[in-house]
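Work through the exercises below with the sequence and the 3D view open. Try each task before reading its solution.

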Amino acid sequence: MINSLLGIVVVSIVGFTITFAYNDKVIDSTEVIASCDFPAIYNFGDSNSDTGGIAAAFYPMAAPCGESYFHRPAGRGSDGRLIIDFIAEQLGVPQLSPYLDTLGTSYRHGANFATGGATIRRINESWFANGVSPFPLDIQVEHYTQFKERTTYFYNQGKEESDKSRLAIPVEFSKALYTIDIGQNDISAAFRMLPNMEQVRAIIPDIINQFAAQLRELYKKGARNLWIHNTGPIGCLPVATVKIKDPAAGYLDEHGCVKDMNDIAIAFNKHLFDMLTKLRIELQQAAITYVDLYKAKYELISNAKNQGFEEASKICCGYHENGEDVWCGNKKRLNNGTEIYAGSCNNPSTVISWDGVHYTQAANHWIANYILNASISNPTLPIAKACSPLH
């Protein structure tokens with residue numbers, strides 16, 4: 001029997017009662033379920049979790065991307081694995097194949113709809129001009145809708161197991177984990193397009209409302225287990241700080257991050273948290289987990305040396321000096337006539353930032369370990385137990 005009131009779901013099972021307090025109360029996961037045993041992961045987002053989507057749509061990543069793990073470019077904006085790769089490893093699921101890259105891929109255990117440069121809102125810019133993906137969140141959800149419908153059709157048409165081996169199993173869509181990490185590019189675009197922080201702050205409610213609309217769409221399509229990352233401390237990205245000289249008092253915080261930019265990220269995250277709290281009441285069959293990725297990343301950045309890393313402002317791959325930029329893996333002739341190849345540093349495992357925007361594999365691993373143990377998620381469930389009571 002299942003009853004609900006103000007977002008609290010009570011489930012009676014074999015004579016005892018389990019209460020899920022979905023808002024601010026702690027759930028004792030040991031009383032809920034030993035493990036969700038997610039059969040698949042479906043991921044949505046931007047370059048923080050893109051495992052090859054934008055590379056398949058446009059141009060492949062250039063070396064030295066991928067050097068630390070794949071030993072070749074593997075569609076990821078890093079020297080190796082991303083947080084989503086470590087999530088998959090934690091859950092015993094293979095690394096996710098990008099939806100847009102069908103060559104030799106298997107979707108039996110999920111698919112990745114994320115693309116680098118993706119936003120929540122549709123932004124009137126282009127990949128070529130500003131690096132904005134043509135696949136914002138609503139298009140990613142539409143891709144998922146088509147994927148699910150076509151997978152179900154072809155799976156049911158298959159007569160032999162060999163016809164189905166690379167396809168998702170239709171009955172497992174509702175049992176899968178749906179991970180979402182997006183919003184950073186909406187904030188970056190706002191900084192670029194709007195004249196002041198007040199106007200940037202003013203568009204946050206609309207961004208969050210559009211985010212909520214896509215979560216409702218996923219729910220309507222059967223998604224029940226939602227694992228949602230907030231946005232990170234964008235003002236700490238080295239690309240935002242590397243060219244700052246003689247900043248005014250109070251412009252940077254005590255760890256060298258741009259304070260106003262981080263304040264916008266914090267405001268975004270507050271709106272996201274409030275929206276998800278309300279959405280739990282509306283979507284009562286869903287398990288919605290809010291993950292404070294900002295806290296994990298800021299903790300790493302502010303304690304870099306104590307965690308075995310170099311200065312958090314260091315960029316491993318790329319050249320950003322004297323007002324000139326050469327992005328990771330590229331060559332460029334500088335104004336002084338010198339040709340620069342932007343290769344990687346000697347030891348990426350000791351650096352937090354891969355290319356000034358994205359994190360190294362070592363940093364992603366550290367962050368993943370931090371978030372997967374439930375210490376900064378709401379409800380406070382480890383990812384392996386973050387599933388709907390109807391799972």
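**Exercise 1.** Is the disulfide of Cys316 and Cys345 left-handed or right-handed?

*Basis.* The model is predicted: local features need pLDDT of at least 70, side-chain atom pairs count only at pLDDT 80 or more, and totals for chains, interfaces and linings use all residues. Residues are numbered from 1 along each chain as its sequence is written, and side-chain values use heavy atoms, leaving out hydrogens and water.

*Solution.* 
- Check the bond. The sulfurs of Cys316 and Cys345 lie 2.1 Å apart; a disulfide is a pair of cysteine sulfur atoms within 2.5 Å.
- Read the torsion. It is about -90 degrees about the S-S bond of Cys316 and Cys345, so this disulfide is left-handed.
- Cys316 and Cys345 are 29 residues apart and link distant parts of the chain.

**Exercise 2.** Find the handedness of the disulfide of Cys236 and Cys257.

*Solution.* 
- Check the bond. The sulfur atoms of Cys236 and Cys257 are 2.0 Å apart.
- Read the torsion. It is about 105 degrees for Cys236 and Cys257, so the link is right-handed.
- Check burial (buried: under 20% relative accessible area, 1.4 Å probe, protein chains only). Cys236 counts as buried at 7%. Cys257 counts as buried at 1%.

Technical notes: Buried < 20%, exposed > 50% of the residue type's maximum accessible area, 1.4 Å probe, protein only. Helix = DSSP H or I, 4+ residues; strand = E, 2+ residues; numbered from the N terminus.
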